Amino acid sequence: MSFDDKAIEIPNSMPMLPVRDIVVFPYMILPLYVGRESSIRAVEEALAKNRLLFLASQKDIAEENPTESSIYKVGTIAMIMRMRKLSDGRVKILIQGVAKGKINKFNQSEPCFEVSVEKISESTFSTTPVESEAIIRNAKEQLEKIIALGRMLSPDILLVLDDVTDPGRLADLIASNLGLKVSDAQRVLETQDPKVRLQFVNEILANELEVLQMQARIRNTAKDEMSKSQREYFLREQMRAIKSELGENDTKSEEVEELREKIKNAEMPEKVQEEALKQLGRLERMHPDASEASMVRTYLDWLVELPWAKSTTDNLDLFHAQKILDEDHFDLGKVKDRILEFLAVRKLKEKNLKGPILCFLGPPGVGKTSLGKSIARAMGREYFRIALGGVKDEAEIRGHRRTYVGAMPGKIIQTLKQVKTNNPVIVLDEIDKLGSDFRGDPSAAMLEVLDPEQNATFRDNYLNVDFDLSKVLFIATANVFENIPAALRDRMETISISGYTETDKLMIAKKHLVPRQIEANGINESQIEFTDEGLRSLISSFTREAGLRNLEREVGSVCRKVAKRFVFGETGKVIVTPESVTDLLGAPRFLREEKLKENHVGIATGLAWTQAGGEVLFVEVLRMKGKGGLILTGQLGDVMKESARAAMSYARAHSDELGIESDWFENNELHIHLPAGAIPKDGPSAGVTMATALTSLVTGVPVRCDVAMTGEITLAGRVLPVGGIKEKALAALNFGISTVIVPLQNKKDVLEIPKEYKEKINFMFVENLDEVFSLVFDHKDAKKRLPATKMGKKPKHPSASAA
């Protein structure tokens, strides 16, 4: 059944049926399933009138309720030949295209579309008969080849085409049977010139023929050795080729092109870019579902996301940096000076400046880690902290090789990806607590990271390409210097941060800890006030540390007690004094040794260094009847025991000069004890104190109670330098002792003590025990005097206060 479009009267207005995923051509007969309510109403409207319906394709097939703008204007006027209602509520209609038409106006959109349509007449074929015949034959021949290569088309299509001589109708017939994309089929429909239309269809046929020929070649080449996986690959490649030729989206191709663009924009070094493009080529040739494809894809993602050329701009304003460093931390002059020096050099030399590799060494809680964050803020750089405590696997630093399942880069590369710049401040926290086991030694892997001469070409095992770490400012923190391997120590610039003195802690508490804890516990300054005496009581009686963590906890505890009182209805401002601290926190946890009030025989005041700062300790020596010998108690270490034996040997060797009876040591036994026996003690700096207390006992001459001392001794009586002079001197000052005896070679360390403290202490510098004895023995209460040769020899070195 067919219609002559000239015999059918086309009305000016008719119902419109939007169709999706298909373009209907004139003379085309096909069934349509109608399910939308508005579309069913359009069919009913057409059947009620003249059975004519205008079919127009949607631009977006997923749109459920198309609007005027989402419908192509050119479509086909069709005749409804049959209609049948289905059980699911849909309607099946059989339609035949009558003529092309164009929408001039949308008359209505509810309850169905009603449009004014203008019929499009076929243009004349503007070519010679010979050219027309050539184009027609070419189209028919290409279609025959396509069918011969296995393309499934209607079996009667070639018979029908033999009778068609009109170029326009031939183009429409071929296009309606090829199953083109909506956009291509719509273009054929909208083209009025038969010659242009048929030429466009010829191009489509040529592309389709090329795809089928490629399929045939792939099929013939791989046919003999095709396995199951190869067969799947072949089928997917066929799909890819078809989609590519038809211009449809190919997810894998899009992904490859996206990665290629990212590689281009990542500003990688030339060798790295070559490796990335090489791996991209491998990925392009792989099956998308292959296990190695996901590994290569992940590797490329890491490469393109690393900050190869992205840097933050350093803030080179030294006054701004100084202000921030002073705001965040009290004192720490050496560290601040080193950072300001780096910024100054950076300002003068902008290119090829390697970042310093610093190691902050000090006891816990003195602000090593927070100092790194402050430095990053002062310089305007990104900050990241890597916790190295307990790390035992070398791969944590250098990464895993890509051959392992779940492989990933090491912590350094992960950090750079996260901060998105190649010049951050990276704090390597607790570097002295790195471990090692059968998986390797991570401290050995750190050698390359922390070497300014090598880290410009740092190679992570996962990346397997060089990455420049020379712009990174590495700051390591450690508590015990000896636990760091020697090779690693050699690569870092070590800056010691000693424990805070009581005065330092008081200043820091007033400036930082108290305001922070008041805010953290929901109270304000109108409800609580810390006096200096109250804070000193917290520091001395409730904490024993070099840092500030426990002090901050105690301040927070006081604030919580006050907050609880206010919640229970108590009013009035709480003044924190030594008495109120005891009321709030209970009895003091630590009690200081009381200063000796008078001179004693056999008791000397020594100075010791601990991680919590300086300490004053007493050395007591007791005589017992016996056959000689030396007893040492107080949980002394090996070095301290050796110092005691050296002091005894010195006294015995110089017994004549000291006025000691020749058989004294044979008839008496000595017992040396250091109080606080539960606390381990070690080190050579108690040698002078032990020698003084021992000599005092055997000679009967009391030791001055207002003098403290430190220093290592030799068998010849020389006094050697020791460490921790600043902490020891301040401990003596806090204890109420203003005269301190130190080795002459420690005079340089005294210069580092703040001026306000140095003026309050009388430092006496000595080179040997003779000079020590002349300063500490009190002859007024002596039972027996030392010979003038020993006691009358004054030190030839002036005291620090007199210098």
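How many disulfides does the count come to? The count comes to 0 disulfides. Select Cys-112 and you land on a buried residue, at 3% relative accessible area. Move to Cys-559, which is also buried, at 0% relative accessibility.

**Confidence**

Colour by pLDDT next. This is a predicted model. The chain has a mean pLDDT of 84, and 92% of its residues reach 70 or more. Now select residues 784–793, where pLDDT stays under 50. The model has 29 contacts beyond four places in sequence for this stretch. Then select residues 798–803, where pLDDT again stays under 50. Here the model has 11 contacts beyond four places in sequence. Where pLDDT is low, predicted coordinates should not be read in detail.

**Backbone stops in the loops**

Go to the loop between helix H1 (37–48) and strand S3 (52–57), and pick Arg-51. Its phi is near 65°, a positive value in a residue other than glycine. Arg-51 is partly exposed, with a relative accessible area of 33%.

Move on to the loop between strand S5 (91–108) and strand S6 (113–119), where Pro-111 lies. Select Glu-110 as well: the peptide bond from Glu-110 to Pro-111 is cis, with omega near -5°.

Now jump to Lys-420, in the loop between helix H15 (411–419) and strand S9 (425–429). Lys-420 is not a glycine, yet its phi is positive, at about 65°. Is Lys-420 buried or exposed? With a relative accessible area of 56%, Lys-420 is exposed.

**Helix H11**

Select residues 318–328, which form helix H11. Show the side chains of Ala-321, Ile-324 and Leu-325, which are buried. They cover an arc of only 95° around the axis, so they sit on the same side of H11. An α-helix has 3.6 residues a turn, so residues three or four places apart point the same way. Turn to the other side of H11 to find Phe-319 and Lys-323 exposed.

**Helix H19**

Select Ser-540 in helix H19 (residues 532–542). Ser-540 is buried, with a relative accessible area of 16%. Its side chain reaches the backbone oxygen of Arg-536 at 2.9 Å.

**Strands around S17**

Select strand S16 (residues 603–610) and strand S17 (residues 613–625). The two pair in the antiparallel sense over 8 bridges. To see one, pick Gly-606 and its bridge partner in S17, Leu-617. Pick Arg-623 here: its bridge partner in S19 is Leu-670. In a regular strand the side chains alternate between the two faces of the sheet.

**Helix H26**

For the last stop, select residues 725–735, helix H26. This helix is mostly covered, with 9 of its 11 residues buried. Among them are Ile-725, Leu-730 and Phe-735. Lys-726, Glu-727 and Lys-728 are buried too. Step just past H26 to Gly-736, which takes a positive phi of about 100°.

Definitions and conventions:
Residues numbered from 1 in each chain as written. Predicted model: local features only at pLDDT ≥ 70, side-chain atom pairs only at ≥ 80, totals over all residues. Heavy atoms only, no water. Buried < 20%, exposed > 50% of the residue type's maximum accessible area, 1.4 Å probe, protein only. Helix = DSSP H or I, 4+ residues; strand = E, 2+ residues; numbered from the N terminus. pLDDT = per-residue confidence, 0-100. Contact = heavy atoms within 4.5 Å. Disulfide = S-S within 2.5 Å. Polar contact = N/O pair within 3.5 Å; in protein donor to acceptor, adjacent residues only side chain to side chain. Pairing = 2+ DSSP bridges. Arc of directions from axis to C-beta.
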